[in-house]
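My notes follow in the order in which I made them.

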Amino acid sequence: MDPFDDSTLTELAALVCGDEPRMKRRGGWELAGFLRRAGWQDAPEHDGRPRMLWMKETLSERQDDDVTDIERVILRLADRREYLQQPDDYDAVFTRLQDILALEGLRIDYSKTRPLLTDYDPDEAPRPQRVELKVAITDLVDDPDLANAVQLRLDEARTCQQHGAYTAAVIMLGSLLEGVLVHAADTRPASQRLTRTNNTPLQVLIQHAHDNHWIDQDAKMASDLLRTYRNLVHPLHEKRTRHSADFDTADLCWSTVNAVLNDLAATKNP
């Protein structure tokens with residue numbers, strides 16, 4: 001890999017030190033430990049100088065010897081294990097890191113929960129979804145406040161997908177699907193009624209929509225799969241299944257939601 005630009009090293013040093021709001025801060029005594037966790041051999045100890053200056057010089061010197069050590073720093077910054085005690089700090093660091101890497105033609109992706117560096121071309125057209133959304137949320141949801149909430153989740157899911165946060169995208173998609181199906185169950189005339197509670201499972205809502213012919217069989221089957229993926233919100237479920245969401249997982253869930261929304265629009269009473 002080509003050496004990183006000097007400005008990129010400056011930004012990486014800032015992320016490691018974490019002095020900005022919402023960033024994980026590391027004291028001088030913690031810097032060498034971070035470098036060792038990143039995989040550096042013979043990681044130097046902080047010498048007492050201003051942390052940002054020391055880290056920038058350390059990265060520059062190490063890049064002259066082995067650019068892969070800079071890659072190791074990047075991957076550690078993107079590793080969720082680095083934020084077990086401060087999980088809220090991860091999102092801000094990840095978003096900033098993606099913006100920095102985009103200027104180098106790179107981005108972070110994930111495989112089996114572990115970060116990896118991949119090539120990124122901002123001019124490359126996004127991969128098409130299997131099923132395109134043909135309707136607007138307001139075509140499905142009459143309540144303006146609920147429509148806004150569902151649209152927000154749709155937008156956030158798209159942002160998560162674009163930035164490689166695939167588990168978050170799947171969770172957002174499952175949430176908006178549940179909201180739309182609840183609205184349909186509450187407002188549509190149904191040949192088979194549903195006694196709904198505040199905690200009606202998504203599986204029951206999917207089955208209810210299918211029983212009343214609001215969604216087709218293929219949409220129902222795909223929705224059941226989305227429900228399973230949405231359970232990744234629970235880390236223990238992810239551990240038990242040994243599966244984490246990747247691009248293809250999120251892409252499949254996008255197509256599922258699009259298919260359900262299209263079906264709901266097609267079967268909505270005028």
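Which residues does Arg76 touch, not counting residues up to four places away in sequence? I found Phe34, Arg37, Ala38, Arg81 and Glu82, where contact means heavy atoms within 4.5 Å.

Before going on, I noted that this is a predicted model, in which local features need pLDDT of at least 70 and side-chain atom pairs count only at pLDDT 80 or more, while totals for chains, interfaces and linings use all residues. Residues are numbered from 1 along each chain as its sequence is written, and side-chain values use heavy atoms, with hydrogens and water left out.

**Entry: Arg76.** I placed Arg76 in helix H4 (residues 68-77). Helices (H or I, at least four residues) and strands (E, at least two) are DSSP runs, numbered from the N terminus. Arg76 counts as buried because its relative accessibility is 12%; the cut-offs are under 20% relative accessible area for buried, over 50% for exposed, and partly exposed in between (1.4 Å probe, protein chains only).

**Entry: the whole chain.** I counted 11 helices and two strands. Along the sequence they follow the pattern α-α-α-α-α-β-β-α-α-α-α-α-α. The chain has 270 residues, and 46% of them count as buried. Its accessible surface is about 14,600 Å², with 49% belonging to carbon and sulfur atoms; the areas come from the Shrake-Rupley method with a 1.4 Å probe, and for residues only the protein chains shown count as cover. Of the contacts between residues at least 6 apart in sequence, 61% join residues at least 24 apart.

**Entry: H2 and H3.** I looked at how helix H2 (residues 28-37) packs on helix H3 (residues 51-65): the angle is about 25 degrees and the axes are 11 Å apart. Axes are lines fitted to C-alpha atoms, for helices over the stretch in contact, and angles run from 0 to 180 degrees between N-to-C directions. That makes H2 roughly parallel to H3. The classes are roughly parallel for angles under 35 degrees, roughly antiparallel over 145, roughly perpendicular from 65 to 115, and oblique for the rest. From H2, Gly28, Leu31 and Leu35 meet Arg51, Trp54, Met55 and Thr58 of H3. By class I have four nonpolar, two polar and one charged residues in this contact. Ala, Val, Leu, Ile, Met, Phe, Trp, Tyr, Cys and Pro count as nonpolar, Asp, Glu, Lys and Arg as charged, and the others, Gly among them, as polar.

**Entry: H6 and H7.** Are H6 and H7 roughly parallel or roughly antiparallel to each other? The axes of H6 and helix H7 (residues 166-187) cross at roughly 160 degrees and come within 8 Å, so the two helices are roughly antiparallel. Among the H6 residues that meet H7 I noted Leu146, Val150 and Arg153. The contact holds 12 nonpolar, four polar and two charged residues.

Entry: Thr118 lies in strand S2. I have Thr118 as partly exposed because its relative accessibility is 21%. Leaving aside neighbours within four places in sequence, Thr118 is in contact with Gly105, Leu106, Arg107 and Asp109. Its C-alpha atom is 8.6 Å from that of Gly105, 13 residues away along the chain. Asp121 sits in the loop between strand S2 (114-119) and helix H6 (144-162). Asp121 is partly exposed, with a relative accessible area of 38%.
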